[in-house]
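My entries follow in the order I made them.

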Amino acid sequence: MDTKTIRMEYQKEIEERYEENRTSAFAVKDYLEHSSVAYHGRCVHTLHIPKIFTEKETAYFEQIVHTTYGIFEKIIREYLKNPQYRKCFPFSKELEELILVPNLYDSVLPIARFDIFFNEEDYSFKFCEINTDGTSAMNEDYVLNQALELNITHRKMKEKYRYRTYELFDSWVKTFMDLYDTYEKKKENPYVAIVDFIPHCSITEFEEFQRRFQKVGYECEICEITEMTYRDHVLYSPSGHPVDVVYRRAVTTDVMENYEQVQPFLNAVKNQDVCVMGSFCTQIIHNKWLFKIIREEPTLSLLTKEEQRFVMEHIPCTKLCEDSNACMEELLGDKERWIIKPLDSYGSRGVFAGVDYTKEEWEDIVRRHVNKGYIYQEYCHPYRTDNIYFPEEHPKMKPYTNMSGLFVYNGQFAGIYSRLSDGGIISSQYNEKAVATLVLETNSAKNA
């Protein structure tokens with residue numbers, strides 16, 4: 001059984017029982033709006049057909065993660081040991097100092113999410129971006145799967161097929177504590193702090209992680225990073241408790257933008273007085289400059305021939321957006337070919353795809369962003385699947401762009417975050433829809 005056939009079954013069922021499905025879609029919407037994925041005045045929007053993968057596809061994702069993680073490890077370790085290689089990256093002196101602090105445990109990349117555009121027809125794919133600091137959306141997948149039980153078409157499909165889902169909380173807690181067990185200064189019962197700039201964070205997701213740490217016996221506190229204190233070689237939480245290990249959700253961009261306000265935290269890091277999961281060396285991979293430097297020397301020389309082919313095939317051509325004739329000719333000569341992005345951001349902020357704009361609009365966007373810390377990148381025309389968003393004014397089946405976020409826990413493929421949009425890019429601010437991710441179990445037809 002293939003997923004395209006199952007999608008068509010969902011679609012047929014929706015079309016035949018349209019009004020009933022519309023009613024159930026609003027029940028799902030109401031559930032989400034009263035759940036832990038509603039915060040800061042916004043809520044996750046979802047489509048009516050979940051994302052379904054086969055075991056064959058997930059096995060392929062495991063291969064992608066294995067190869068990619070191996071390449072990233074080589075790049076990070078080369079940066080840490082080679083002063084000449086560091087010159088290839090655009091990091092400030094202050095950030096480089098943080099990156100070079102040894103983390104004293106057995107991983108340089110504890111957690112990540114590799115976002116890819118995956119074509120389900122031919123298994124081709126391109127990377128969109130790499131998330132390390134602040135890797136999120138575990139809670140969205142968890143709640144979307146709960147809400148899916150209100151979807152009448154999915155309930156009917158469950159009578160016919162067996163699915164499994166990914167568990168993303170307890171598995172990370174286990175990975176986290178297993179890595180802490182390799183920490184050179186580990187303590188018997190460490191006090192865990194989940195650390196971020198709280199006004200901007202996914203607080204409900206943090207609360208779920210806090211519950212999972214507590215469930216297995218670890219005290220855990222959610223901490224506003226600017227309110228932590230440091231004295232006598234001890235980092236203290238805002239409640240005044242000594243912190244032994246940090247689950248860092250504060251993205252490096254925000255840390256560096258608030259550098260003076262987070263000095264107590266940073267001093268504890270620099271003096272190696274707290275274990276930080278993950279340390280600042282993950283920024284080497286998180287920054288979008290990676291996509292440029294990975295396709296060039298001296299990075300290519302770090303890789304095997306197979307890894308080099310992997311990079312050239314799956315990492316899109318990426319260049320610095322600067323006020324030069326060559327750059328402007330490329331960007332303005334073929335707007336359909338390019339997308340521009342800030343070097344270091346998240347949440348799809350400041351991302352523009354030429355396909356979404358007129359020639360005049362695109363030229364204005366390009367000219368406003370040259371020499372402003374942006375890169376331009378070959379635009380991947382993503383794989384599309386039909387779906388329906390019932391809350392819109394005239395709901396109907398239409399094609400949606402697909403993006404698969406591959407969760408990676410210490411080099412191991414851990415799960416998938418599925419997002420879609422009806423535009424040229426998937427933007428959390430404008431057009432993003434998230435759907436529950438399911439894996440069709442082998443020999444899953446219940447009447448087989």
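**Entry 1: α8 and α9**

How do α8 and α9 lie to each other: roughly parallel, roughly antiparallel, roughly perpendicular or oblique? First, a note on the source: this is a predicted model, where local features need pLDDT of at least 70, side-chain atom pairs count only at pLDDT 80 or more, and totals for chains, interfaces and linings use all residues. Residues are numbered from 1 along each chain as its sequence is written, and side-chain values use heavy atoms, with hydrogens and water left out.

I looked up the angle and the distance between the axes, since two packed helices are described by these. Helix α8 covers residues 170-180 and helix α9 covers residues 203-215. Their axes are 9 Å apart, at an angle of about 60°. The axes are lines fitted to C-alpha atoms, for helices over the stretch in contact, and angles run from 0 to 180 degrees between N-to-C directions. The two helices are therefore oblique to each other. For the classes, under 35 degrees is roughly parallel, over 145 roughly antiparallel, 65 to 115 roughly perpendicular, and the rest oblique.

Elements are DSSP runs numbered from the N terminus: helices are H or I with at least four residues, strands are E with at least two.

I then checked the handedness. α8 passes α9 in a right-handed crossing.

Next came the contact (heavy atoms within 4.5 Å). From α8 I noted D170, W172, V173, F176 and M177; from α9, F209, R212, F213 and K215. By class, this contact has six nonpolar, no polar and three charged residues. Nonpolar here means Ala, Val, Leu, Ile, Met, Phe, Trp, Tyr, Cys and Pro; charged means Asp, Glu, Lys and Arg; the others, Gly among them, are polar.

**Entry 2: α15 and α16**

I moved on to helix α15 (residues 325-333) and helix α16 (residues 359-369). Their axes come within 10 Å and cross at roughly 150°. That makes α15 roughly antiparallel to α16. The contact joins M328, L331 and L332 of α15 to W362, E363, V366 and R367 of α16. I sorted its residues into five nonpolar, no polar and two charged. α15 passes α16 in a right-handed crossing.

**Entry 3: α3 and α14**

Helix α3 spans residues 55-81, and its axis lies 11 Å from that of α14, at an angle of about 105°. That makes α3 roughly perpendicular to α14. I found I64, T67, T68, G70, I71 and K74 of α3 meeting E307, F310 and V311 of α14. This contact divides into four nonpolar, three polar and two charged residues.

**Entry 4: pocket and cavity**

I took the second largest pocket, with a volume of about 240 Å³. It has 22 lining residues, and V28, K29, L32, T46 and L47 are the closest to its centre. α2 (18-33) and α6 (138-147) are the elements that give two or more residues to the lining. α2 gives the most, with five residues. The lining has 16 nonpolar, four polar and two charged residues.

How many cavities of 30 Å³ or more does a search of the whole structure find? I noted five. The second largest cavity holds about 110 Å³ of space. Among its 14 lining residues, V101, P102, N103, V269 and S279 lie nearest the centre. This lining has 11 nonpolar, three polar and no charged residues.

My terms: on a 1 Å grid over the protein atoms alone, a cavity is a set of points where a 1.4 Å probe fits but cannot get out; a pocket is an open set with protein on both sides within 12 Å along at least five of seven lines; lining residues have an atom within 4 Å of a point. Points are joined across faces, edges and corners, and a volume is the space filled by probe spheres set on them.

**Entry 5: backbone**

I looked up the cis peptide bonds. One runs from M277 to G278, with omega near 0°. G278 sits in the loop between β12 (275-277) and α12 (283-286). Another joins E297 and P298, with omega about 5°.

Y123 has phi near 65°, in the loop between β4 (111-118) and β5 (125-131). N371 has phi of about 60°, in the loop between α16 and β16 (374-378).

Terms used
A crossing is left-handed if the near helix is turned anticlockwise from the far one by less than a right angle, and right-handed if clockwise.
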